[in-house]
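The sequence and structure come first.

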Amino acid sequence: MAGRGAHRAWQRMLSGRRLDLLDPSPLDVEIEDIAHGLARVARWNGQTVGDHGFSVAQHSLLVEMFATWLAPALTPAERLCVLLHDAPEYVIGDMISPFKAVMGGDYKLVERRLQIAIHLRFGLPATVPDALYRLIKKADGIAAYFEAVELAGFDPAEARRFFGEPRFGEPTPDGPRMGINPLPAVAAQATFLEHFRKIEAERAG
């Protein structure tokens, strides 16, 4: 039995799995745990309008949608890489970009090990190919723009300065809009799982 001073480096999941944060095993990764966690992690540190936080699960769906619009020929496996691009946050939470920059190496190392374990669990390459990585970053920036303007209080000029000019959305006098509606956690979780299973069915078919 560990003593009082022992440090615990694992997270117990609702599935019963115990995921070691420092040496994660693909065998301890379950999509139900990922969906549950991401649906309850708020983007923008929760500083968004509406009755519900805008979850990382919903953000992931948005990024996958933009990536597919940008590159319609993506394979199901590539789309799954996009959908899971922030999956480590089901364990470590969503740290805003300015704080990630301050934290640096150790945070990135833990995040990277988790991402590899998640990819291996679902039969994806441990390292995302460069072209797909660039596409994910581009789609992520588009999503961040719309989230910033529609949910997080940024004006369009400020959002363009940080996240670039979006190519999608309905034109308005203040710029394009997507009409993002933050979902309750249970709905975001169910939608994420449904989309994951749809992509997996396409991979299998």
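Does Phe168 count as buried or exposed?

## Phe168

The model is predicted. Phe168 counts as buried because its relative accessibility is 15%, and the cut-off for buried is under 20%. The residue lies in the loop that runs between α8 (156–163) and α9 (185–204).

Leaving out residues up to four places away in sequence, Phe168 is in contact with Phe66, Trp69, Leu70, Ile142, Phe146, Pro176 and Met178. Ile92 is 76 residues from Phe168 in sequence, and the C-alpha to C-alpha distance between Phe168 and Ile92 is 31 Å.

## Nonpolar core

The largest nonpolar core contains 52 residues. Ile34, Leu84, Tyr90, Phe122 and Phe192 have the most contacts inside this core. Two or more residues each are supplied by α1 (31–38), α2 (56–70), α3 (76–83), α4 (89–92), α6 (105–121), α7 (130–150) and α9. Helix α7 gives the largest share, ten residues.

For Phe192, the contacts beyond four places in sequence are Ile31, Ile34, Ala35, Leu38, Ala57, Ser60, Leu61, Leu83 and Leu84.

## Gln189

Gln189 belongs to helix α9. Its relative accessible area is 18%, so Gln189 is buried, the cut-off being under 20%.

Which residues does Gln189 touch, not counting residues up to four places away in sequence? They are Ala35, His36, Ala39 and Arg40. Ala35 is also one of the residues that Phe192 touches.

How values were computed:
Residues numbered from 1 in each chain as written. Predicted model: local features only at pLDDT ≥ 70, side-chain atom pairs only at ≥ 80, totals over all residues. Heavy atoms only, no water. Helix = DSSP H or I, 4+ residues; strand = E, 2+ residues; numbered from the N terminus. Buried < 20%, exposed > 50% of the residue type's maximum accessible area, 1.4 Å probe, protein only. Contact = heavy atoms within 4.5 Å. Core = buried A, V, L, I, M, F, W, Y, C linked by side-chain atoms within 4.5 Å.
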